[in-house]
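Open the model in a viewer and keep the selection tool at hand.

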Amino acid sequence: MPTRPPARPPLAPLAAAADLLWPGHCAGCARPGPPCCPSCARALRRGAVTALPDGTPVHGCAPHEGPARQVLLAVKERDRAEARPVLARALAHRLGELVPAGPVRLVPVPTRRASRRARGGDLVADLAARTAARARAAGRDAGVERCLGLVRAVRDQTDLDAAGRRANVHGAFALRGRAPTGACVVLDDVVTTTATAAEAVRALRAGGVRVAGVLTVTVAGVDGGTARPAWAAGPPGV
Ligand SMILES: [Zn+2]
């Protein structure tokens, strides 16, 4: 499927301007107040369920649109680190939907070195740690296994279509060290074409890891609840 131009809701430029002008405001809607207002926090609980082409479930906190998308972009691209706990709270909630009981280990998708440099660290690994901590605080046996590594260079996916993204990440990940025991969940910040998530799941299963599903902040191409995944909307083979 060709990459669709990203939706630019009217609150996007407002939120970006607010970052510069106001000391305390919502990362999602720019209202003065906490890093994420109750309304935008609710948007992050909307849920967005899809699946990889092989049927592996993908649970997102919300569709990649509106305030949920704005909060994620603020954290990723505008250094609104104080909103990270809001994302972790939403992720921990969705983790409970994806794997309701028993021990669970979160496996962050590896990020490119350039992304880590640009964002002052590994956002996905940080979200994994925060989410596992929240789950533990709620009584879960939860942890993080950084057992997925990049075995070759990949380029920024932003300008690639679905086929380009698949080719970009094909064979790019591999299990590092021993396979964790018990249920593992792949964690990413946004699932767009599912190419990256599918490659992460493939690499883990090839190493003998039991993958229960994929957890992400937002999912592109779904409109909440359970919807037709983005990859199914394109022509066959794309
Ligand atoms: Zn808000």
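Select the zinc ion first: the SG atoms of Cys26, Cys29, Cys37 and Cys40 coordinate the zinc ion at 2.3 to 2.4 Å. Donors here are N, O and S atoms within 2.8 Å of the metal (3.2 Å for Na, K and Ca); water is not among the atoms, so sites may look incomplete. The four donor atoms make angles of 105 to 116 degrees, and the site is tetrahedral (four donors, all angles between 85 and 135 degrees). Along the sequence, the donor residues follow the spacing C-x2-C-x7-C-x2-C.

This is a predicted model, in which local features need pLDDT of at least 70 and side-chain atom pairs pLDDT 80 or more, while totals for chains, interfaces and linings use all residues. Residues are numbered from 1 along each chain as its sequence is written, and side-chain values use heavy atoms, without hydrogens and water.

Cys26 counts as buried because its relative accessibility is 0%, and Cys37 counts as buried at 7% (buried is under 20% relative accessible area, with a 1.4 Å probe and protein chains only).

Next, select Leu44, Leu87, Val185 and Leu215, which touch the most other members of the largest nonpolar core, a set of 36 residues. Such a core joins buried Ala, Val, Leu, Ile, Met, Phe, Trp, Tyr and Cys residues through side-chain atoms within 4.5 Å.

Then centre on Val185. Its contacts (heavy atoms within 4.5 Å) beyond four places in sequence include Leu95, Val104, Leu106, Ala212 and Leu215.

Finish at another core, apart from the largest one, with 23 residues, including Phe173, Leu204, Val209 and Val222.

Conventions: Buried < 20%, exposed > 50% of the residue type's maximum accessible area, 1.4 Å probe, protein only. Tetrahedral: all angles 85-135°; square planar, octahedral: opposite > 155°, others 65-115°.
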